[in-house]
Amino acid sequence: MPMVSVWEKETFFAPQDIIIAGSGFVGLWSAFYLKKRNPELKITILDKGIIPTGASTRNAGFACFGSLTELLADEQKMGTDQMLRLVEMRYKGLEKIRNTFNKKDIDIDMCGGYELFTDTDDYLTEDLEEQIQYLNELLKDIVHDNTYKLADKKLGLFGFTKINHLIRNNLEGYLHPGKLIKALLHHVQSQGVQVLNNIEIKHFEKVSDKIEIETDQKIRFTTGQLLICINGFAKKLLPDLDVEPARGQVLLTSPIDKLPWRGTFHYKQGFYYFRNLDKRILLGGARNLALDDEKTFSLQTTETIQQELERFLKEVIIPGKKFDIELRWSGTMGIGREKMPIHKEISPGVFCCVRMSGMGVALAPLLGEKTAKMMV
Ligand SMILES: Cc1cc2nc3c(=O)[nH]c(=O)nc-3n(C[C@H](O)[C@H](O)[C@H](O)COP(=O)(O)OP(=O)(O)OC[C@H]3O[C@@H](n4cnc5c(N)ncnc54)[C@H](O)[C@@H]3O)c2cc1C
């Protein structure tokens, strides 16, 4: 990086009120609400990628708040109240997305989704009906509707094999995460937020009442407050936090002739997920096959997982249909021993909002709003 001019120093690199690390959904929604609370704030977002390069532009685009088995598993691990708090944040987050952006700008379609159960899962119809009733009752105060219902009648229409139960959720759908990130970027820039890319924060320290930030571009930034929204990369700046990177791998097929279903589909407590993207199928997951190997910052895909995804596609989702794989990619999630996001002041003037696990699209708006409240 060349030496900076006085003009650059007094504009792009001038001291800020708030610097946000990370321009994924959490960083952007936080900036959005910070500016809403106080339009005078000088805010800069720094991102290490030339575009946001974590999970927000590399996910599956489900606009969802949890499948039946995932929420029941969460309830076992974290207790009923915590599980419901998470669902509420996600559900309200989805409402905020829909109230902020035009449907067609972000391709959001609340078309409904399904959870699949294979013949080896050993679920009895009566047990599922009991669980559906139990969870619907718990979620009623949040969604004011019945969330789940058994939809086994659809099995014949969808053409899946090895699947013996389907549960429908009318309240979820999908969106285009790339378009949502772009719309958010435009929005915060129009609010006066500066977004600088290709700058990685390497280190920060408190110097009197300011925070000095060192970057890989040899430019130092000064700010009153720092907000760290780097999710799966959190350990690099905050080594004591319980956040690990978790790679999620995805593939996208070529268009499938006469695809007999549309919507979002979950399987194995959310470890497998697929949706249609027009006539193509986006399928991701299988991280449960190699949990340790997938704790990585690498964005490569691996044969083990990709082959498993292809097997699932061929044997279960579209048996007998011809397809090519158009794209394969991966993204970095942030997970920990607990599923609740970490959202707090770490030290005076330094805040973080990380560990979004697998449903940050929905979580980010409400967390951004809470973060803005905590900081301003
Ligand atoms: C394959 C996959 C599928 C998923 N599917 C879904 C889904 O369908 N629905 C859903 O709700 N969620 C899904 N998720 C999860 C969701 O995408 C994430 O929870 C959410 O995007 C997290 O947003 P974030 O802003 O916290 O983090 P990120 O989007 O990861 O943003 C963090 C940003 O920080 C930047 N950064 C990192 N380190 C630094 C540094 N030192 N200095 C500056 N910048 C830095 C990165 O470049 C990145 O842009 C999926 C995730 C993956 C990987």
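Predicted model: local features only at pLDDT ≥ 70, side-chain atom pairs only at ≥ 80, totals over all residues.
**Stop 1: helix H6.** Select residues 125-143, which form H6. Look at Glu 137: a kink of about 35 degrees is centred there. Now colour Leu 128, Ile 132, Leu 135, Asn 136, Leu 139, Ile 142 and Val 143, the buried residues of this helix. In an α-helix, residues three or four places apart point the same way, because there are 3.6 residues a turn. To see what the buried residues of H6 pack against, show helix H3 (68-78) and helix H4 (80-100), then strands E4 (113-118), E5 (148-150) and E6 (163-169). Step past the end of H6 to His 144, where phi is positive, near 55 degrees.

**Stop 2: Glu 172.** Go to the loop between E6 and strand E7 (173-174) and select Glu 172. Other residues in contact with Glu 172 include Ala 63, Cys 64, Met 110, Tyr 114 and Thr 264.

**Stop 3: the cores.** The largest nonpolar core has 62 residues. Select Ile 20, Trp 29, Phe 65, Ile 97, Leu 139 and Tyr 148, which touch the most other members. Leu 139 was also among the buried residues of H6. Zoom in on Ile 20, which touches residues including Leu 34, Ile 43, Ile 45, Leu 227 and Cys 229. Finish at a second, separate core of 28 residues, with Ala 151, Leu 166, Leu 259 and Leu 283 among them.

Methods. Residues numbered from 1 in each chain as written. Heavy atoms only, no water. Bend = angle between axes of the 7 residues up to and from the residue. Helix = DSSP H or I, 4+ residues; strand = E, 2+ residues; numbered from the N terminus. Buried < 20%, exposed > 50% of the residue type's maximum accessible area, 1.4 Å probe, protein only. Contact = heavy atoms within 4.5 Å. Core = buried A, V, L, I, M, F, W, Y, C linked by side-chain atoms within 4.5 Å.
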